[in-house]
Amino acid sequence: MKKWLYFLSIYILFINTSACSFTNENSATHPETTSLTVAAASDLQFAFTELAKKFENASNCHVDLVFNSSGTLTRQIEQGAPYDIFASANIEFVDNLRKKGKTIPNTQKLYATGEIGMVSLLNKSSHPTKLHDLLNPEIKKIAIANPEHAPYGLAAKQALESSGLWDKLQNKLVYGKSVADTLTLVTSGNAETGIVAHSIITEDMQYSGIDEQLHEPINQAITVVAGTDNKDLAIEFIQYVISNEGQSILRKYGFNSPDAVK
């Protein structure tokens, strides 16, 4: 009997120490999972990397981050990709998935609003400080994300249209698959400048913001994907994103807090 009780205690100890739990004043322990997979828009690559690491440290869980354009991630979810959470750069993608029954509706939250701006390498004297500078002959290629599936590309297109520049710049535009891919076109020298998310610029870049009145608000939403086995933990991750600490991290990388979480 003593031997049986010994092995039982070892088994219980193993279960308790390997369980994934996130504990704060509003959360409970969730021993059913040790991993969370988050599909996140490319503009979140720096902010969510830091945010997920802090959540991991608090929860003893592992968070897998998959970055891509919001449109690409939406198609993957529609096709059954095994994501637990979807953090989109545009609420419309989340809304569309909800209407198709691909998300858990009451988990949807606004978590940030984004900003766009023009970016160039530090050694580029032709860096534009206002949109009409893009007409400068020295600027031969301008990179933007594909507006068909990248929210920041759509915002860039809207800003150029509002400024009367969209048609004038057609022969200069090159398209990235995502906003991160768009930045690579600039850093690799394949474009003199690009219009990207404020959240992904680095210290070796020149950046000039674009008036937010020139494009529709970049309202970003997050939700739990339908069919997940990790619903409770996924909800806790979302609660962390919209918490004071999570919002502080997002603001650090150039995001604004939406009215819903201010």
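View 1. Val66 has a relative accessible area of 28%, so it counts as partly exposed (buried is under 20%, exposed is over 50%, and partly exposed is in between, with a 1.4 Å probe and protein chains only). This is a predicted model, where local features need pLDDT of at least 70, side-chain atom pairs count only at pLDDT 80 or more, and totals for chains, interfaces and linings use all residues. Residues are numbered from 1 along each chain as its sequence is written, and side-chain values use heavy atoms, with hydrogens and water left out. Val66 sits in strand β4; strands (E, at least two residues) and helices (H or I, at least four) are DSSP runs numbered from the N terminus. Setting aside neighbours within four places in sequence, Val66 is in contact (heavy atoms within 4.5 Å) with Thr37, Val38, Ala39, Ala40, Leu73 and Tyr83. Take Thr37: it is 29 residues from Val66 in sequence, yet the C-alpha atoms are 7.5 Å apart.

**View 2. Asn60, with a positive phi.** Asn60 isn't a glycine, but its phi is positive, at about 60 degrees. You'll find Asn60 in the loop between α2 and β4 (62-68). Its relative accessibility is 57%, so Asn60 counts as exposed.

View 3. A pair of aromatic rings is described by the distance of the centres and the angle of the planes. Here, rings of Phe, Tyr and Trp (its six-membered ring) pair if their centres lie within 6.5 Å; planes under 30 degrees apart are stacked, over 60 edge-to-face, and the rest tilted. That rule gives four aromatic pairs. One of them is Phe48 with Phe237, an edge-to-face pair at 6.0 Å centre to centre and 75 degrees between the planes. Phe48 belongs to helix α2 (residues 45-59) and Phe237 to helix α7 (residues 231-241), so to speak distant parts of the chain, 189 residues apart. Phe48 and Phe237 are both buried. Phe55 and Tyr240 have ring centres 6.0 Å apart and planes at 45 degrees, so this pair is tilted. With Phe55 in helix α2 and Tyr240 in helix α7, the pair ties together parts that are 185 residues apart in sequence. Phe55 and Tyr240 are buried too. One aromatic cluster takes in Phe48, Phe55, Tyr111, Phe237 and Tyr240.

**View 4. Pro258, a buried residue after α8.** Pro258 lies in the segment that follows α8 (244-252). Its relative accessible area is 4%, so Pro258 is buried. Not counting residues up to four places away in sequence, Pro258 touches Leu110, Tyr111, Ala112, Thr113 and Gln247. Ile218 is 40 residues from Pro258 along the chain, with 9.9 Å between their C-alpha atoms.

View 5. The structure holds one cavity of 30 Å³ or more, and the largest cavity has about 60 Å³ of space. A cavity is a set of points on a 1 Å grid over the protein atoms alone where a 1.4 Å probe fits but cannot get out, and lining residues have an atom within 4 Å of a point. The volume is the space filled by probe spheres set on the points, which are joined across faces, edges and corners. There are 14 lining residues, with Ala89, Ala150, Pro151, Tyr152 and Val179 nearest the centre. Helix α5 (residues 151-162) gives the largest share of the lining, three residues.

Technical notes: 1 Å grid on protein atoms, 1.4 Å probe; cavity = no way out; pocket = protein on both sides within 12 Å on 5 of 7 lines; lining within 4 Å.
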